[in-house]
Amino acid sequence: YLDFSAARPLFGQHMENLIWLGDVDQTDRYVAVDVSAVNSFSEPPNSSMEPPRTIAAFLSGEDTLDAAVMATATGKGVWHQNFRFCSKCGTKTESRHAGSSRKCLNHECRKIYFPRVDPAAIVLITYKSDDIDYCLLGRQSRWA
């Protein structure tokens, strides 16, 4: 991912392809772009393009901002790839409002799509008894 000021000179006329990820303290603004949609993209100097899973391996447990930005960029990027066409009429959709929605280009349909937001929590429940640490493990019965 890049901050907005670094993205502008790199993407120029492709700024409409940028996906707004958010900002921190209203100073650091983050955007992402699916470079597969940009024919004339060249990597910035001293950088390389890597898939998200490769980058995730380098993120430390303390670097939660980078992990959150990367997860948001990956999720929104996948959503944009999956909703290039309207599920109602099959017409192409276009990104709107800095990537926060997509709109069908069919003037009779004009359906608007928004990414799903599915909150998730991963927790570890522990218990200590007689100097022995226990943790609760669970699974769905259908995983047997």
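D130 sits in the loop that joins β7 (126-129) to β8 (132-135). In this predicted model, its phi is near 50 degrees, a positive value in a residue other than glycine. R110 also has a positive phi without being glycine, near 55 degrees, and is found in the loop between β5 and β6. Is D130 buried or exposed? D130 is exposed, because its relative accessible area is 71%. R110, at 29%, is partly exposed.

The protein chain has an average pLDDT of 80, and 78% of the residues score at least 70. Strand β1 (residues 2-3) has the lowest confidence, with a mean of 60, while β6 has the highest, at 96. Where pLDDT is low, the predicted coordinates should not be read in detail.

Strands β4, β5 and β6 form an open sheet of 3 strands in the order β4-β5-β6, with antiparallel pairing. Its edge strands are β4 and β6, each of which pairs on one side only. Between β4 and β5 there are 4 bridges in the antiparallel sense, and E94 has K103 in β5 as its bridge partner.

Helix α3 lies across β4, β5 and β6, and runs at about 5 degrees to β5. The helix covers residues 64-82, 19 residues in total, and spans 27 Å from its first C-alpha to its last, close to the 27 Å expected at 1.5 Å a residue.

Which residues of α3 are buried? They are V69, M70, A73, K76, G77, W79 and H80. An α-helix has 3.6 residues a turn, so residues three or four places apart point the same way. The buried residues of α3 pack against β4 (93-96), β5 (101-104) and β6 (112-113), and also against β2 (18-24), β3 (28-33) and α2 (52-56).

The H80 side chain reaches the backbone oxygen of G99 at 2.8 Å. Neighbours within four places in sequence aside, H80 is in contact with I19, S95, G99, S101 and R102.

How values were computed
Residues are numbered from 1 along each chain as its sequence is written. Side-chain values use heavy atoms; hydrogens and water are left out. Helices (H or I, at least four residues) and strands (E, at least two) are DSSP runs, numbered from the N terminus. The expected span of a helix is 1.5 Å times one less than its number of residues. Buried means under 20% relative accessible area, exposed over 50%, partly exposed in between (1.4 Å probe, protein chains only). Contact means heavy atoms within 4.5 Å. pLDDT is the predictor's confidence in each residue, from 0 to 100. A polar contact is a pair of N or O atoms within 3.5 Å; within protein, one must be able to donate a hydrogen and the other to accept it, and residues adjacent in sequence count only if both atoms are side-chain atoms. Two strands pair if DSSP finds at least two bridges between them. Axes are lines fitted to C-alpha atoms, for helices over the stretch in contact, and angles run from 0 to 180 degrees between N-to-C directions.
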